[in-house]
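Have the structure open as you read.

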Amino acid sequence: MNKVVSVNIIRFFIIILAQVLIFKRISFSTEGLGYAHFLIYPLFILLLPVKTPKGVLLILAFITGLIVDIFYDSIGIHASALVFTAYIRNLFIALLEPYEGYNTDDSPTLKTMGIGWFVSYISICLFIHLFFYFSVEAFSFVFILDIFLNTVFSFFPSLIVIVLSQYIFKTKY
């Protein structure tokens, strides 16, 4: 089996298990302003190789989101947010493309792309994912302040966990 495929399969199981067994149970309330949730499962889709076909990305995002939905007892919220994130992922990869371009087997990891590029890429995609997730969860823009506060308060803890995980598990793929 190709090393890239095996690394991503292992990464899939580790991220899903960490999300549903550890981070599902952790949430902080900020005195009525919003809740901070740790949502790290978009990392699986965001770390797939740069040249992954869009159809494969969307299918993997749907399956991953559906599995998270099963454990969170939410009907399609995680799946829809992750499919949206997978759909826009390539747009931001193209916008952040280095001057010399990407190699065909590059993965957007901290080790491969560097801290500046990685934090920019993850920050943009994670913020959009969280905003979409909380918008679908509220299902009305009447709650736009709650949506925005939940997005902001969940963004920073999730980003910190994601960056720390990249320092702990330094993989090229």
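## Histidine 37 and its neighbours

Leaving out residues up to four places away in sequence, histidine 37 touches Ile26, Ser27, Phe134, Ser154 and Ser158, where contact means heavy atoms within 4.5 Å. You'll find histidine 37 in strand β2; strands here are DSSP runs of E with at least two residues, helices are runs of H or I with at least four, and both are numbered from the N terminus. Histidine 37 has 26% relative accessibility, so it counts as partly exposed. The scale calls a residue buried under 20% relative accessible area, exposed over 50% and partly exposed in between, using a 1.4 Å probe and protein chains only. Aspartate 106 is 69 residues from histidine 37 in sequence, and their C-alpha atoms are 30 Å apart.

A word on the ground rules: this is a predicted model, so local features need pLDDT of at least 70 and side-chain atom pairs count only at pLDDT 80 or more, while totals for chains, interfaces and linings use all residues. Residues are numbered from 1 along each chain as its sequence is written, and side-chain values use heavy atoms, with hydrogens and water left out.

## Helix α6, inside and out

How far apart are the end C-alpha atoms of α6? They are 33 Å apart, which agrees with the 34 Å that the 24 residues of α6 (residues 115-138) should span at 1.5 Å a residue. The expected span is 1.5 Å times one less than the number of residues.

Quite a list of α6 residues is buried, including Trp117, Phe118, Tyr121, Ile122, Cys125 and Leu126. Further along α6, His129, Leu130, Tyr133 and Phe134 are among the buried ones too. The cover over these buried residues includes β2 (35-37), α2 (42-46), α4 (77-95), α5 (110-113) and α7 (144-168).

Two packed helices are described by the angle between their axes and the distance between the axes. For α4 and α6, the angle is about 150° and the axes are 9 Å apart. That makes α4 roughly antiparallel to α6. Axes are lines fitted to C-alpha atoms, for helices over the stretch in contact, and angles run from 0 to 180 degrees between N-to-C directions. Angles under 35 degrees count as roughly parallel, over 145 as roughly antiparallel, 65 to 115 as roughly perpendicular and the rest as oblique.

The α4 and α6 crossing is right-handed. Right-handed means the near helix is turned clockwise from the far one by less than a right angle, and left-handed means anticlockwise. On the α4 side, the contact includes Ile77, Phe84, Ile88, Arg89 and Phe92, and on the α6 side it includes Tyr121, Cys125, His129, Tyr133 and Glu137. By class, this contact of α4 with α6 has 14 nonpolar, four polar and two charged residues. In that count, Ala, Val, Leu, Ile, Met, Phe, Trp, Tyr, Cys and Pro are nonpolar, Asp, Glu, Lys and Arg are charged, and the others, Gly among them, are polar.

Now for α7: α6 and α7 pack at an angle of about 145°, with 8 Å between their axes. Their crossing is right-handed, and the contact of α6 with α7 has 19 nonpolar, seven polar and no charged residues.

## The α1 and α3 pair

Helix α1 (residues 3-21) and helix α3 (residues 54-72) have axes that come within 10 Å and cross at roughly 25°. The two are therefore roughly parallel to each other, and their crossing is right-handed. Phe12, Ile16, Gln19 and Val20 of α1 make the contact with Thr64, Ile67, Val68, Phe71 and Tyr72 of α3. Seven of the residues in this contact are nonpolar and two are polar, with no charged ones.

Most residues other than glycine have a negative phi. Which way does the phi of aspartate 73 go, positive or negative? Aspartate 73 has a positive phi of about 55°, although it is not a glycine. Aspartate 73 sits in the loop between α3 and α4 and is exposed, with a relative accessible area of 71%.

The other case is phenylalanine 139, with a positive phi near 60°. Phenylalanine 139 follows α6, in the loop between α6 and α7. Phenylalanine 139 is exposed as well, at a relative accessible area of 72%.
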